[in-house]
Structure formats: structure tokens, C-alpha cells
Amino acid sequence: MSAAPAGRLAVVGIGPGAAELVTPQAAAALSEAEALYGYGPYLDRVPARPGQVRMPSDNREERARADAALTEAASGRSVALVSGGDPGVFAMAAAVCEAIEAGPEAFRRVDLLVVPGVTAMLAVAARIGAPLGHDFCAINLSDNLKPWTLVEARLDAAATAGFVIALYNPASKARPWQLGAAFERLRGHLVPDVPVVFGHAVSRPDERVEIVRLGEADAARADMATLVLVGTAETRVVDRPGLPPLVYTPRFAREAAR
Ligand code: SAH
């Protein structure tokens with residue numbers, strides 16, 4: 001048994017953008033930390049505190065960032081690793097768990113705290129009504145860490161099972177064709193008037209939310225800051241005079257809804 005000081009690592013979700021969507025637990029974990037790690041633009045959203053060290057990194061170096069944060073925590077310090085949205089949804093919490101499982105014994109002694117945050121699909125859904133009111137799933141459309149054939153199999157399964165589908169990471173400069181291919185795939189299972197929501201930069205100053213139908217959904221409308229929700233045949237769009245439409249999925253469903 002070693003008596004080495006076990007530090008602390010908080011993996012903190014800071015929500016989709018707006019300061020009021022940062023939970024009090026997240027704000028406390030961020031202000032208590034001696035060092036902050038994370039993707040640069042996420043760190044920029046955290047209020048500065050004198051004496052706190054900031055270690056911004058590139059978006060793609062998740063595992064290296066997890067190792068660095070754990071190494072510093074294992075040396076006895078209190079460290080926070082910042083994630084957008086919720087840290088457990090396609091984000092840093094799993095990278096930290098991987099690093100702890102694969103890393104030195106000292107990583108296992110770190111006091112790990114995962115602080116949940118408002119994930120993008122909940123923020124987008126709340127903006128327009130209740131599209132996730134019935135069974136739903138979330139699929140990461142990035143094929144950086146899994147083969148595209150697996151994405152296709154999951155899209156088929158989700159659509160044929162009648163799930164509303166939240167698509168994270170629908171597009172980026174390096175992945176321009178995937179969302180169009182996903183829409184084509186889904187059109188093979190779903191009727192053309194299924195509602196599709198493009199939620200761009202929700203809760204940030206450049207927020208834009210568009211409601212279209214699957215038949216005419218244009219993948220070019222999505223970018224890295226967009227979450228796409230694909231409804232089911234049960235999902236309703238309710239027009240309102242002078243107000244944006246409401247999108248919701250009823251709490252009841254018929255058997256084998258498509
Ligand atoms: N951990 C994050 C998701 C990381 S994956 C979370 O829980 O939200 C990054 C993807 O999240 C983006 O490509 C986009 O699909 C979505 N996203 C993150 N913030 C968003 C926002 N404010 N508005 C819309 N989509 C967002």
C-alpha cells in the first residue's frame with residue numbers, strides 16, 4: 001500500500017452553452033479546481049478564477065487529455081476536466097474511464113466525480129416542445145471511432161423499432177457526407193413527412209432551430225454545432241398563430257409504429 005496523496009478529478013458537464021444551464025454542482029466543481037483541462041472553446045465558457053491553471057487542448061486528443069488530467073490529479077491536486085453538454089454523452093467521462101482501466105495503479109486511487117450536465121438533445125427538445133416524449137435513442141454519427149456499417153445497422157434498427165433518433169456529430173469538414181447518407185437510409189424505413197429538427201447552437205447567441213420533413217431534409221443545413229432529431233410517424237407538428245410550431249411525440253403509440 002502506498003501512502004501517495006490521492007487527488008481529485010471532476011469531469012464536469014457545462015451544458016449546451018448558456019450560463020444559466022450550468023448546474024450549481026458544475027459551477028462549484030469548476031471554481032474549486034486548481035487546474036482546468038478541456039477543449040479550448042469549452043474552457044473559454046468557464047469564468048476565470050485567479051490562480052487557477054488552464055490547460056486547453058485540441059478537440060481530438062481526448063485520451064491524451066484524460067491521461068494528462070489523471071496524472072495531475074494522481075499527484076495530489078484537484079483537477080476539473082470540462083465537457084460540453086453532459087460528460088457521459090459522447091464525451092470525456094468514458095475517455096477518463098478508459099484511461100483509468102488501462103493506466104497505472106495511481107489512476108485508480110484518484111477520487112473521481114462525474115458531474116452531469118444538460119445534454120444537447122434535451123436542450124434542443126426543450127426549445128420546440130417534447131419530441132422525446134416517447135421512446136428514443138441517441139446515435140453518434142461520427143465514424144471516427146466505429147465503422148460506418150455499424151452506424152447503418154443502428155439507424156436501421158432504430159428506425160424500424162420506432163424510436164425517435166437524436167443524431168449527435170452529424171457533420172464536420174472532415175465528415176461531409178454522413179448525414180446525407182443517414183437521411184437516405186432512414187427514408188428507406190420512414191414515411192417522408194416524418195418531422196426532422198435541426199437544432200443549431202441551442203442556447204447560444206447564434207441559435208437556429210429549423211423544422212422540416214424527412215422527404216426534403218437537406219443535410220447541408222447541419223454543421224458541427226447542430227443536433228438533428230428525426231421523429232417517427234407519431235411525431236406531431238402543431239402550428240400556432242404568431243408563435244413557432246410545437247413538435248412533440250405523444251406518450252402513447254400503436255404497435256410497431258413506423
Ligand atoms: N457531450 C455533449 C455532446 C458531444 S458530441 C452533450 O452532451 O451535448 C458534440 C455534438 O453535440 C455536436 O456535434 C452537436 O451534435 C451536439 N451539440 C453540442 N452542443 C450543442 C448545442 N448547443 N446545440 C446543438 N447541438 C449541440
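A salt bridge is counted where a side-chain nitrogen of Lys or Arg lies within 4 Å of a carboxyl oxygen of Asp or Glu. In this predicted model, Glu184 and Arg187 meet that criterion, with their closest N and O atoms 2.6 Å apart. Both residues belong to helix 8 (residues 178-187). They are three residues apart, about one turn of the helix. Glu184 is exposed, because its relative accessible area is 51% and the exposed class begins over 50%. Arg187 has 26% relative accessibility and therefore counts as partly exposed.

A search of the whole structure finds nine salt bridges. One of them joins the side chains of Arg8 and Glu32, at 3.6 Å from N to O. This pair links distant parts of the chain. Arg8 sits in strand 1, Glu32 sits in helix 1 (residues 24-32), and 24 residues separate them. Arg8 is partly exposed at 31% relative accessibility. Glu32 is also partly exposed, with a value of 47%.

Arg127 and Glu207 form another salt bridge, with an N to O distance of 2.7 Å. Here too the pair links distant parts of the chain. Arg127 lies in helix 6 (residues 120-128). Glu207 lies in the loop between strand 9 and strand 10, 80 residues from Arg127. Both residues fall in the partly exposed class: Arg127 has a relative accessible area of 46%, and Glu207 has 28%. Salt bridges also link Glu152, Asp156 and Arg185 in a network.

Five strands form an open sheet with parallel pairing, in the order 3-2-4-1-5. Strand 3 (53-57) and strand 5 (111-115) stand at the edges. Each has a single partner strand, so one side of each is left without a neighbour in the sheet. Neighbouring strands of this sheet are turned by 15° against each other on average, direction ignored. Strand 2 (residues 35-39) runs parallel to strand 3, and five bridges join the two. Within this pairing, Tyr39 has Ser57 of strand 3 as its bridge partner. Helix 3 (residues 62-74) lies across strand 1 (8-13), strand 2, strand 3 and strand 4. The helix runs at about 175° to strand 2.

An open sheet of three strands has mixed pairing and the order 6-13-12. Its edge strands are strand 6 (129-130) and strand 12 (236-240), each of which pairs on one side only. Strand 6 and strand 13 (residues 243-248) run parallel and are joined by two bridges. Gly129 has Val247 of strand 13 as its bridge partner. Strand 12 and strand 13 run antiparallel, with four bridges between them. Arg240 is bridged to Leu243 of strand 13.

Strand 12 and strand 13 make a hairpin with two residues between the strands. In this hairpin, Gly242 takes a positive phi near 70°.

A nonpolar patch on the surface is formed by Val238, Leu246 and Tyr248. Together these residues have about 210 Å² of accessible area. Leu246 lies in strand 13. At 31% relative accessibility, Leu246 counts as partly exposed.

For Phe90, phi is near 50°. Phe90 lies in the loop between strand 4 (78-83) and helix 4 (92-102). The residue Phe90 is partly exposed, with 40% relative accessibility. For Ser203, phi is near 75°. Ser203 is placed in the loop between strand 9 (195-200) and strand 10 (208-213). Ser203 is buried, because its relative accessible area is 14% and buried means under 20%. The loop that holds Ser203 also holds Glu207, the salt-bridge partner of Arg127.

Key
Residues numbered from 1 in each chain as written. Heavy atoms only, no water. Buried < 20%, exposed > 50% of the residue type's maximum accessible area, 1.4 Å probe, protein only. Pairing = 2+ DSSP bridges. Patch = residues over 30% accessible without salt bridge, like charges linked within 9 Å, V, L, I, M, F, W, Y side chains within 5 Å. Areas by Shrake-Rupley, 256 points an atom, 1.4 Å probe, with all protein chains shown as cover. Axes fitted to C-alpha atoms, helices over the stretch in contact; angles between N-to-C directions. Contact = heavy atoms within 4.5 Å.
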